[in-house]
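Please read them alongside the sequence and the structure.

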Amino acid sequence: MTSKTDDRTATPMEGIDDRYQSLLRRVHVDRTTGRMLLLTVLTFGLFAALNPRVFLNPLNLQNIAVAAPEIGVLAIAMMLAMLTGGIDLSLVAIANLSAITISMTYTAVAKDDPGLAESLMPLLALEGVLVGVAAGAVNGLLVSRVGITPILATLGTMQVFNGIAVAWTGGSTLYGLPQSLADLGMSTVGGVPVLFLVFLLVAVATGLFVARTPAGLRAQLQGANPVAAKFSGIESSSVLMRTYTVAGALGGLAGVLFIARNPTASADYGASYVLLVIVIAVLGGTNPAGGFATVAGVVLATLTLQVLASGFTAMRLSAYEYAIAQGVILIVVMVTDQVRWRRRRGPRRSAPSDAAVPPNSHQTLNSGRQS
Amino acid sequence: MVQPEQADARQPVLAVRDITKTYGGVRALSDVSLELMPGEVHCLAGENGCGKSTLIKIISGAERPDRGEIVIDGVAHPAMDPAGAIRSGIQVIYQDFSLFPNLTVAENITLTSAVADGKRLYSAAALRPAADRIVAELGLDLDLDADVERLTVADRQLTAICRALVHEARVIIMDEPTTALTHSEVARLFALVERLRDRGVALVFVSHKLDEVLEVSQRVTILRSGRHVVTAAAGELSPAAIAHHMTGREINEERVVSALPIDAPTVLDVRELNLAGAFEDVTFSLRRGEILGVTGLLGSGRTEIAEALFGITRPDSGTVHVDGAPLTGHRIEDAVRAGIGYVPEDRLTQGLFLEKSIADNIIAGSLDRHRSRSRLLDRARVRSTIQSLFERLKVKAPNTRAVVRSLSGGNAQRVVIAKWLATQPKVLMLNGPTVGVDVGSKAEILEILRNEAERGMGVIVISDDAPELVSCCHRVLIVRRGRIVHELAGDDVTVSRIQDRMAA
Ligand SMILES: Nc1ncnc2c1ncn2[C@@H]1O[C@H](COP(=O)(O)OP(=O)(O)OP(=O)(O)O)[C@@H](O)[C@H]1O
Ligand SMILES: [Mg+2]
C-alpha cells in the first residue's frame with residue numbers, strides 16, 4: 001500500500017526532473033553549472049539587498065573584477081590537476097616565483113637602462129609564464145615519470161619554490177616593475193578591467209582544451225579510470241606531464257596578474273589562496289577523484305567567493321568570518337550533492353553493492369564518502 | 001505458467017511478488033514474481049538487460065522496487081535493506097563481485113558477515129579459520145593474504161563465491177558466478193551447490209551458459225525485457241527452447257566462416273616470441289580477413305600472449321610484424337599506433353570508464369583520428385562515429401549520453417568492442433568477447449566480428465568457449481603450458497576436437 005502512494009508521488013517528480021534536465025541540456029548548461037549560476041546570483045542579490053550603497057558602488061564592483069582573475073586563473077589550474085585525479089599545491093608558490101622573477105629581472109635591467117627595462121614589459125610577462133612552465137614541468141616529471149603521488153610531489157615542490165622565493169628576496173617585498181604593467185593592471189576596456197578579460201580568455205581557452213581537444217579528453221579519461229585509459233592506448237605519462245605543465249603555466253600567468261594588480265612581489269603573497277583555490281575548484285563541480293570538471297562552474301565559483309569576500313568587507317565582517325563562510329558553502333554544496341544523489345539512485349548504503357572498484361580505489365572510495 | 005511444485009506443503013523461503021522497477025524512463029522490471037523453494041536451484045535466464053541483476057539487487061536490498069513486495073518466511077516487505085537481507089540469511093554473489101580491492105582475500109571473505117552481525121570490533125584473525133575452511137572445502141588454490149586488487153578475474157570471482165558461502169545462508173544468489181572459471185572449478189562449485197541443496201539451502205543461479213544452467217538447476221525462470229515469460233522444470237527445457245523463450249527467435253550457432261582468398265596478405269606475423277614463466281617459442285601468423293581462435297585452459301598462457309602483443313608486458317625475445325612492418329617499442333601506445341586493438345578480459349577495470357558516458361567510452365581510443373585541422377576534435381565526425389557504432393552494435397541504452405555504469409553486463413561489453421572498432425585496427429584481439437553475453441547477443445557479436453573480418457581486419461578470439469570458436473574461427477590454436485601445441489583448421493575445427501586437445 002505504502003509503496004503505491006510512493007509511486008504516485010514519485011512519478012510526477014521524476015517527470016519534472018527529466019524536463020528540467022532536458023531544458024538544461026538544450027541551453028547547454030549542465031547541472032553543476034546551473035546550480036553554481038543560481039548560487040552566484042543569490043550571493044550577489046543577498047549583499048546587494050543588505051547593503052546596496054556600499055556593495056553596488058561601481059568602485060566595489062570594479063574591485064571584485066580586479067581581484068577575481070588571479071584567484072580564478074589559479075582555480076582553473078587546480079581544476080586541470082584535479083581533472084586527471086591529482087592536485088597541485090604548488091600553484092601559489094609558482095605564481096609568487098613568477099612575480100618575483102619579473103621584478104628581479106626588471107630591477108637588474110633598469111639599473112643600467114631604465115628605458116630598456118620599461119620596454120621589455122611583454123617579454124617580462126612572458127618570462128613569468130615561462131617560469132611557471134618550468135616549475136610545472138618539474139611537477140609533471142615527479143608525478144608522471146618518477147610516479148610520486150601528486151599531493152606529495154606538489155607539497156614538496158611548493159616548499160622548494162617557496163624556499164627559493166624567500167631566499168632570493170631575503171623575505172622582503174619587491175617594488176620594481178615596468179610602469180606599463182602596473183598601468184595594465186588598472187586599465188579597463190569598456191569599463192571591464194583588462195585583468196578580468198585575461199581571466200575570461202584563459203577560461204574560454206581552457207574550456208576548449210578540456211572539452212574539445214583530444215588532449216583534454218585524454219586528461220578526463222585518465223582521471224576517470226587510469227587503468228582503462230592505459231588499456232585504451234592513452235599514454236598516461238604524457239597526459240600528466242602536459243597537464244601539470246599547463247597548470248604551471250597558468251600559475252606563472254597568475255604571477256603576472258599578482259604583480260600587475262598590487263603592484264609588488266613577495267614570497268608570502270596569497271598565503272591563504274591554496275585552500276581557497278581548492279574550495280573554488282570543488283565548488284565549481286570538479287570531482288576531486290578525477291574525470292569530471294567544468295570551466296564555467298569554476299568561473300562562477302570564483303565570482304561567488306569573490307562577491308562573498310567583498311560583501312563581507314562591505315558588511316564589516318572579518319577575514320575569519322569569511323573563512324568560516326567559505327567552509328560552510330563548501331559543505332552545504334557537498335551535502336546537497338549527496339542528498340540528490342541518494343534520491344536519484346535510491347538507498348545504496350552498502351558499499352559492497354557498488355560495482356567493482358578500479359585500482360585507484362583508495363581515491364574512489366574516499367571520494368565516495370566526501371562528494 | 002507457473003509449475004506447481006509437488007511439495008506444495010512446503011513454504012517458499014523467499015518470494016517476490018509483482019516487482020516493478022524503473023530507472024529514469026527505463027523500465028527494468030514489470031510485475032515480476034518468483035518463488036524460491038528450499039533445496040532447489042532456481043535458474044534465472046534472459047537476454048542482457050532483461051533485469052536479472054536488478055531483480056537480484058532488489059532481493060538483496062541494494063535497490064528499492066517501485067512496486068511489489070518481497071516475502072521472506074511469510075512476512076511481506078515493501079523493500080529490503082542490505083544488512084537486513086544478510087541477517088535473514090540471503091547471500092549474494094554480485095555480477096561485478098563487489099569486493100574491497102584494498103583488503104586481502106581473507107578479509108573480503110569474512111568482513112561482510114562481521115559487519116552484518118553488528119560486531120563493533122572486527123578481528124580478521126578470529127575469522128580466519130572460517131575463510132580457511134571454505135577455501136579448503138572448495139579445493140581452491142587461493143592466496144588468502146593477497147590483496148584483491150592484485151588478483152586475476154578468476155580469483156576475484158572465487159573470492160566473491162567464498163564470501164557468499166562462508167555464511168550459514170538459507171538463500172544463496174549467484175549472478176553469473178562462473179564467467180571466469182575453468183571447467184574443474186565450475187565442477188567443484190556445482191558439487192558444493194549439491195551439498196548445500198541437500199541441507200535445504202535455496203539457490204538462485206544466473207548464467208548465460210545454457211548447458212550449465214540445465215546441469216545445475218531444477219527450475220528455470222525466463223525473463224524478457226523485464227517481464228516474466230515462463231517458469232518451468234529444467235527437465236522440460238532444452239538449450240534451444242531456453243534461447244527461444246529468451247529472445248523470441250531462433251538462434252543460429254552454426255559454423256559460418258567465409259572462404260579466405262588464397263592471396264590474402266599476412267597482417268600479423270609473430271615469430272619465436274618468448275617470455276620467461278609465461279610462454280615459449282610462440283610463432284603464428286594471421287591473414288587479413290581471418291578469424292583465429294586461441295584457446296587453452298586458464299593459466300595456459302593464452303592471455304599472456306595477447307598481453308605481450310598489446311604491449312602490456314614486454315617479451316624477452318621474438319619479433320612481431322604488423323602488415324609487414326616490425327613492431328617497435330613495447331608499450332600499449334606503440335601497439336595501438338601499429339594497428340592492434342585489445343578487448344581485455346577484465347572489462348570493468350581495464351576496458352571501461354564506468355562513470356563516463358557511452359559516447360566518451362566509444363571515442364576513448366581514437367581521439368587523434370577525430371582531430372580536425374584546427375587541432376580541435378571534429379565534433380560532427382565524432383558524433384557520427386559514436387552514433388553509427390552505437391547503432392551497429394545495438395547497445396541497449398536510452399542514448400549515447402547514458403553512463404556506462406547503468407548498462408547491463410552484455411551491453412557494457414559491446415561498448416568496449418565499439419571503442420576498438422572506432423580505432424579501425426588492422427588486428428583486433430578479443431579476450432573472452434562474449435563472456436556474460438546472452439545467446440542472442442553472442443550470435444550478433446560473432447556476426448559483427450565476421451563482418452569486420454570481411455572488410456579486411458584480422459581478428460583473434462581468445463576464448464574457452466568451444467562452440468563459439470567453432471562458430472566463427474577459420475583456425476584455432478591450442479595453447480598448453482605456454483606453448484602452441486596444436487593448430488586446427490577447416491573441417492578439423494569442431495567442439496569435440498577442441499575440447500580433446502585442450503585437455504590432453
Ligand atoms: N543504475 C541504473 N541506472 C539506469 N539504468 C539501469 C541501472 N541499472 C540497470 N539499468 C537498466 O536496467 C535494465 C536491466 O539491467 P540488469 O543489469 O538487471 O540486466 P541483466 O539482466 O542483469 O543483464 P546482463 O545479463 O547483461 O547482466 C537495463 O536496461 C539497464 O540498462
Ligand atoms: Mg546482470
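Is Leu152(A) buried or exposed? Leu152(A) has a relative accessible area of 52%, and because the threshold for exposed is over 50%, the residue is classed as exposed. The model under discussion is predicted, and the points below should be read accordingly.

1. Nonpolar surface of chain A. Leu152(A) belongs to helix H8 of chain A. Together with Val146(A), Ile148(A), Ile151(A) and Leu155(A), Leu152(A) makes a nonpolar surface patch of about 420 Å². Helix H8 (residues 150-169) of chain A supplies the largest share of this patch, namely 3 residues.

2. The chain holds 17 helices and 2 strands. Of its 371 residues, 51% are buried. Where contacts in chain A join residues at least 6 apart in sequence, 77% are between residues at least 24 apart.

3. The salt bridge between chains. The side chains of Asp368(B) and Arg218(A) form a salt bridge with an N to O distance of 3.3 Å. This pair crosses between chains: Asp368(B) is in the loop between helix H12 (358-363) and helix H13 (379-392) of chain B, and Arg218(A) is in helix H11 (residues 214-224) of chain A. Asp368(B) is partly exposed at 41% relative accessible area, whereas Arg218(A) is buried at 16%.

4. A buried pair within chain B. Glu40(B) and Arg219(B) form a salt bridge whose closest N and O atoms are 2.8 Å apart. The two residues are 179 residues apart, with Glu40(B) in the loop between strand E2 (26-36) and strand E3 (41-46) of chain B and Arg219(B) in strand E9 (residues 219-224) of chain B. Both Glu40(B) and Arg219(B) are buried.

5. Arg337(B) and Asp334(B) form a salt bridge, with closest N and O atoms 3.8 Å apart. Both lie in helix H10 (residues 332-338) of chain B, 3 residues apart, which is about one turn of the helix. Arg337(B) is exposed at 61% relative accessible area, while Asp334(B) is buried at 12%. The two residues are part of a network of salt bridges that also links Glu235(A), Arg331(B) and Glu333(B).

6. E11(B) pairs with strand E14 (residues 317-322) of chain B over 5 bridges in the antiparallel sense, and Leu268(B) has Val322(B) as its bridge partner in E14(B).

7. Other strand pairs of chain B. E6(B) and strand E7 (residues 171-175) of chain B pair in the parallel sense over 4 bridges. By contrast, strand E19 (residues 475-480) and strand E20 (residues 483-489) of chain B run antiparallel and are joined by 6 bridges. Within that hairpin, which has 2 residues between the strands, Arg481(B) takes a positive phi near 45°.

Note on methods. Residues numbered from 1 in each chain as written. Chains lettered and ligands numbered in written order. Predicted model: local features only at pLDDT ≥ 70, side-chain atom pairs only at ≥ 80, totals over all residues. Heavy atoms only, no water. Patch = residues over 30% accessible without salt bridge, like charges linked within 9 Å, V, L, I, M, F, W, Y side chains within 5 Å. Areas by Shrake-Rupley, 256 points an atom, 1.4 Å probe, with all protein chains shown as cover. Salt bridge = Lys/Arg side-chain N within 4 Å of Asp/Glu carboxyl O. Buried < 20%, exposed > 50% of the residue type's maximum accessible area, 1.4 Å probe, protein only. Pairing = 2+ DSSP bridges. Contact = heavy atoms within 4.5 Å.
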